[in-house]
Amino acid sequence: MTLKRPLITIARNGVGAFVFSCRKIEFNYCERSGSSRGMIEYLQNWLIPFARKNPQIEVVVTPRPSKHPLITGTYLNLKQKQVCVKNKNPDEIEEIVKLIRDNTGVSTKKRFKKPVISTTKSIRGIWSPFHTRPHSI
Amino acid sequence: MFSLVKSYSIFNRNISLLILRHTCFVAIRPFSNSNTFYNKKLEEQNKIVRKDVISPALNAFAARMRLNFSDPKILLQAVTHKSFTDTNLPSNKRFKELGKCAIQLYITEYFHIKYPLLHTNYLKDVVNIYSRDGTLSTFGHEIGLNYVVRWNESTDLYTSSTATNDEDQLGPTDENESPVLYESRKTTVKIGHVVARAVQAIVGALYLVKGPNSAQKFVQDHLLSRDLNVQQQYDVKEPKRHLSALMKRLGQEPPVSRLLYEAGRLTKEPIFVIGIYSGTKKLAEGFGSSLKMAEFRAAKNALLNHYFKEIKDFTLPSTIDIYQKQMSYIPTKVCDTPATV
C-alpha cells in the first residue's frame, strides 16, 4: 500500500498570467577605473529609458570602488546571474542587460533532457501492446 | 523603479544628480564601505526618515503583477502585516478578511462548476488545497512577495490558520481569542504566514478598489492556473460495490466485467485487461497482474470517469457583468449527488 503524499499545487507560469522572472538588476561601477568607462556612459545615457520600459524590474545602482563593473540579475527562483562588463561599450552592455532581463534563474549548464514539460503526456495516447493489433477472424 | 546609492567619492561623474533629476521616485541608500568618522557624521546628517514610502521593490512588484491602484497607499497597506508598527497606515487585517472570503468563493465556484458530479468531501479538499496558507505562501514566494511585505520578526506569537475551514468555528473568532497560537523560531515559517496574509489582503484590496471582476481575474490567473491532479485523491475501498450502487441510481443495467486481453497467465508476470460494461456500453478498462486486481482498477476507473467528469466550457456566475444586457447567462446543469452504498 503506497503512502499518500500530501497534495500540492504546482505553478504554471504563463497559463493564467505571466509573472516576469527577473526581479532586480544591480549595476556596480567604479568612479575612477578605466574599465568602468563604458559602464558609466551606459548609466548616464541608456539606463533610464531601460528602467522606464521595464517597470517590473527593480534597478539598483551601486558604486563599487576599485573593482570591475558588474551586472547582477536576481530572479524569482532565488538564483543570480552575474556578468562582468569590464572594458565594454555601452551598446555591448545594453545587449548584456537585455540578456539578463530576458533570462530566468535556471542554470545554463543544466542539460535539457526533456525540452518540453507538460502535464498532458500525449495527445494521441500512450502506446499499449493490447490496443495496437485489433483481433480479426 | 530606481534605488540610488550615494557615493562619497571626489570625482563626481554627476550620475547621482542625473538620475535624481530624471526619476520621479528615488530611494537613497547610503554606501558605507569605510568606517571613518567623517562618513558616519555625513550619514547621520543625511539620514532621511520617511514613513510609508513605497520601496522600489514594491513598485516593481506592482508592475510585475499588473496591479495599478489609483492610490498607492492601498497597496502599501495591503502588504503591511499587523506586526509592523513603524507606520501611520492600518494593517492589512481588514483587506485580508475580505480577500480570504473572496479567494474561497472564486475557487469553490470554479471547481463546483468544473466538476459537477464530484463528492462534496473531495470538492472541499480541492478547495482547501488551493486556498490554504501553504499554497498562498508558496505562491507569494514565487512572485517575490516575501521581499516586499512589511513585517516585524520580533513578535513571538503568530496565529496559524490551522483551524481548518472544515471545522466549525465557535462563534466570532477574534485573533486574540483563537485557541490556536503557536511559537515558531523559524523565520521561514513566520514569513510564510505573513506572505499568505499579504496575498489575501491584495485580493481583498483588489475587490474593494477595482471591483469583484478584477479580484476574480487575479484569483483565476494566478491561483487557479496552478496544476493539481484531482483524480489522485480519489480513494475508494470497494469500487465494485459503489459502481453497482451508481448504476442502480442512474437506472442503467448493472455492471458486468469482461476479460478483454490477457498475456502470460501462467507466468510470473501476467497482465489482464478487464473492461466493465453496463449492457453494451463499456464504462472503463483496468489492467492488473491478477483478475481481481484488474477488475478493481476497472471499477475504480469507471467511478472516476463518472464522478470526476470535467466540464470544459462554462461561464462563472461571478464574472457576469450586471449591466451587460446583451450577454445572457447560461447556467450549467445542476447535477446529481453521488450514489450512496
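This is a predicted model: local features need pLDDT of at least 70, side-chain atom pairs count only at pLDDT 80 or more; totals for chains, interfaces and linings use all residues.
Me: How much area do chain B and chain A bury between them, and how many residues are in contact?

Reply: The size of an interface is often given as the accessible area lost when the parts come together. Here chain B and chain A bury about 4000 Å² between them, with 61% of that area on carbon and sulfur atoms, and 48 residues of chain B are in contact with 39 residues of chain A.

Me: Which residues form the salt bridge between chain B and chain A?

Reply: The count between the two chains is 1 salt bridge, and B:D227 forms it with A:R12, the closest N and O atoms being 3.9 Å apart. Across the interface of chain B and chain A there are also 6 residue pairs in polar contact, counted where both residues are at pLDDT 80 or more.

Me: Which element of chain B gives the most to the side that touches chain A?

Reply: Helix 3 of chain B does, with 6 residues. By class, the residues on this side of chain B divide into 23 nonpolar, 13 polar and 12 charged.

Me: Within chain B, how do the axes of helix 7 and helix 8 cross?

Reply: Angles of 65 to 115 degrees count as roughly perpendicular. The axes of helix 7 and helix 8 of chain B come within 8 Å and cross at roughly 85 degrees, and therefore these two helices are roughly perpendicular to each other. Their contact includes B:L136 and B:F139 of helix 7 and B:V195 and B:V199 of helix 8, and by class it has 6 nonpolar, 6 polar and 2 charged residues.

Conventions. Residues are numbered from 1 along each chain as its sequence is written. Chains are lettered from A and ligands numbered from 1 in the order in which they are written. Side-chain values use heavy atoms; hydrogens and water are left out. Contact means heavy atoms within 4.5 Å. Buried area is the accessible area (1.4 Å probe) that two parts lose on being put together, summed over both. A salt bridge is a side-chain nitrogen of Lys or Arg within 4 Å of a carboxyl oxygen of Asp or Glu. A polar contact is a pair of N or O atoms within 3.5 Å; within protein, one must be able to donate a hydrogen and the other to accept it, and residues adjacent in sequence count only if both atoms are side-chain atoms. Helices (H or I, at least four residues) and strands (E, at least two) are DSSP runs, numbered from the N terminus. Ala, Val, Leu, Ile, Met, Phe, Trp, Tyr, Cys and Pro count as nonpolar, Asp, Glu, Lys and Arg as charged, and the others, Gly among them, as polar. Axes are lines fitted to C-alpha atoms, for helices over the stretch in contact, and angles run from 0 to 180 degrees between N-to-C directions. Angles under 35 degrees count as roughly parallel, over 145 as roughly antiparallel, 65 to 115 as roughly perpendicular and the rest as oblique.
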